[in-house]
Amino acid sequence: MSPLTPGGLASGPQGPEALRPLLDTVLDALRAGAATRPGPLPAGGPTDVAARLREALGEPLPDHGDEHALHTLVQAMAAGAADPAHPLCAAHLHCPPLAVAVAADLAVSALNPSLDSWDQAPAASELEALVTRALADEVYPPAARTTAATPDALVTTGGTEANQLALLLARDKHGHVQLVQAENAHHSLHRATWLLGLPEPVTVPAPAGTMDPAALDQALTALGGPPGTVLVAATAGTTDAGLIDPLPEIATRCETHGARLHIDAAYGGGLLLSDRHRPALDGLARAHTVTLDLHKLGWQPVAAGLLAVRDPDDLTALHHRAAYLNADDDTEAGLPDVLGRSLRTTRRADILKIAVTLRTLGRRGLGALVDQVCARAAELAELIAVHPHFELYDRPTISTVLFRPADATDDTVADVRRTLLTEGRAVLGRARLDNRLWLKATLLNPHTGPDDLAALLKLVEGHTAR
């Protein structure tokens, strides 16, 4: 049977042979599409990109199929994509995925396991249990544990879901919870309070971009309340500047006041993989819950989030029974119950790409990638610091560098960024700190080199001078 016929399936005995010619088609289309871009983005801005995509798509649901649709649409997507592997694509926490992780992701798509019952994902459910507990051990190493509880971790769609789960677990355990966060907290935390019907967060100052422990102490004193009913959310790797809150001091304040601590380490958690940079996360193991996100500083295809929990008893909030998925007698007979590992029912086996990456590169290989992007960020900051036409916000904590053309207005900074986007030449982010607008370069590509950094500054300088 031809793979292009309606009955061509990706799994089963004939699956690999059905996929093989299609993979060649996809790879050719990816190559052809990328070749049309002038840089990391397509040229022309939203209107032109939309027009080209509409032309490639044609009628979304025609009466009769088109055997060339795979090539046509993949090429159009590649041509209109923001390529995170391009060295001048540096706006967001949007990493270039490792080829080995993408290959593993293909296997998951073909096998299509669903992690809502063991009989849909026998091997995947065991793999997830093993790998998540190993990652929980990275966050909560045995030497740092204060109880006999064995930490665990859940796979999530990213930092937003992990942060929401952290608030849910706290609310379920204590019946009520008041969130305290700093001005630098990720927007998903505030949104989670709305989603869960919790009161508005108490927000404390973040001078120089990080939480003020003294202000936190004052807020906790004013709030009072039974132990655990206040949840403090600290950040290890802010979205704007990659800054890390003073975690040991925050943890001490929380312990003194009986407050629960959650640390959003969606960005900075990747530093755990590096012997050189891991000390920046001192205090992480004192948190009750920790958000990680390996589709940031872990080079995974989306999605690859995790929520690590110090006490696995906190996860009882997620326990749920559905007779067709985890009947009591099946569980008693030894079939693993995986429904309580998420708020989602149908759930992709995102753990395979993570497991393959960890096994293929190992701690040293992944740590080297972390060290490389942090080093590139430091090099970019140095280039900016000595450049007469640029102003540096500060030396990078992780791999984010904020800068702006010297003496430029905020309007000029915004215009330069948008012009580069429209031309497709470079993708830079934006951040407002100290009441000024900054260009943001978030370096997550370990292959970015010194020439790429110099080229980025030359582009910005040339467009500022127009």
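I began with D410, which is partly exposed at a relative accessible area of 23%. My cut-offs for that word: buried is under 20% relative accessible area, exposed is over 50%, and partly exposed is in between, with a 1.4 Å probe and protein chains only. The model is predicted, so I kept the rules in view: local features need pLDDT of at least 70, side-chain atom pairs count only at pLDDT 80 or more, and totals for chains, interfaces and linings use all residues. Residues are numbered from 1 along each chain as its sequence is written, and side-chain values use heavy atoms, with hydrogens and water left out.

**Salt bridges**

Which residue does D410 meet in a salt bridge? I found R432, at 3.2 Å from N to O. For a salt bridge I need a side-chain nitrogen of Lys or Arg within 4 Å of a carboxyl oxygen of Asp or Glu. D410 lies in helix α13 (residues 410–423) and R432 in strand β11 (residues 427–433), so the pair ties together parts that are 22 residues apart in sequence. Helices (H or I, at least four residues) and strands (E, at least two) are DSSP runs, numbered from the N terminus. R432 is partly exposed too, at 44% relative accessible area.

I then searched the whole structure and got 28 salt bridges. One of them joins the side chains of R348 and D105, 2.7 Å from N to O. This pair links distant parts of the chain: R348 sits in the loop between α11 (328–332) and α12 (351–385), D105 in helix α4 (residues 99–111), and they are 243 residues apart. I noted R348 as partly exposed at 28%, whereas D105 counts as buried at 12% relative accessibility.

Next I looked up D337, which forms a salt bridge with R321, the closest N and O atoms being 3.8 Å apart.

**Helix α5**

How far apart are the end C-alpha atoms of helix α5 (residues 122–139)? I read 27 Å, which agrees with the 26 Å that its 18 residues should span at 1.5 Å a residue. The expected span is 1.5 Å times one less than the number of residues. I listed the buried residues of α5, among them A124, E128, V131, L135 and V139. The buried residues of α5 pack against β2 (152–156), β7 (289–293), β8 and α12.

**A nonpolar patch**

On the surface I found a nonpolar patch of L53, L57, L73 and M77, with about 330 Å² of accessible area together. Patches take residues with over 30% relative accessible area and no salt bridge; like charges are joined within 9 Å, and nonpolar side chains (Val, Leu, Ile, Met, Phe, Trp, Tyr) within 5 Å. The areas come from the Shrake-Rupley method with a 1.4 Å probe, and for residues only the protein chains shown count as cover. The elements giving two or more residues to the patch are α2 (45–57) and α3 (69–79). L73 is in helix α3 and counts as partly exposed at 33% relative accessibility.

**Aromatic pairs**

How many aromatic pairs does a search of the whole structure find? I got two. Rings of Phe, Tyr and Trp (its six-membered ring) pair if their centres lie within 6.5 Å; planes under 30 degrees apart are stacked, over 60 edge-to-face, and the rest tilted. F390 and F403 are edge-to-face, 5.6 Å centre to centre with 80° between the planes. F390 is in strand β9 (residues 390–392) and F403 in strand β10 (residues 400–405), 13 residues apart. Both F390 and F403 are buried.

Y393 and W438 are also edge-to-face, at 5.2 Å and 75°. Y393 lies in the loop between β9 and β10, W438 in strand β12 (residues 436–442), 45 residues apart. I marked Y393 as buried, and W438 as well.

**A110**

Last, I checked A110 in helix α4. Is A110 buried or exposed? At 15% relative accessibility, A110 counts as buried. Leaving aside neighbours within four places in sequence, A110 is in contact (heavy atoms within 4.5 Å) with A10, S11 and L19.
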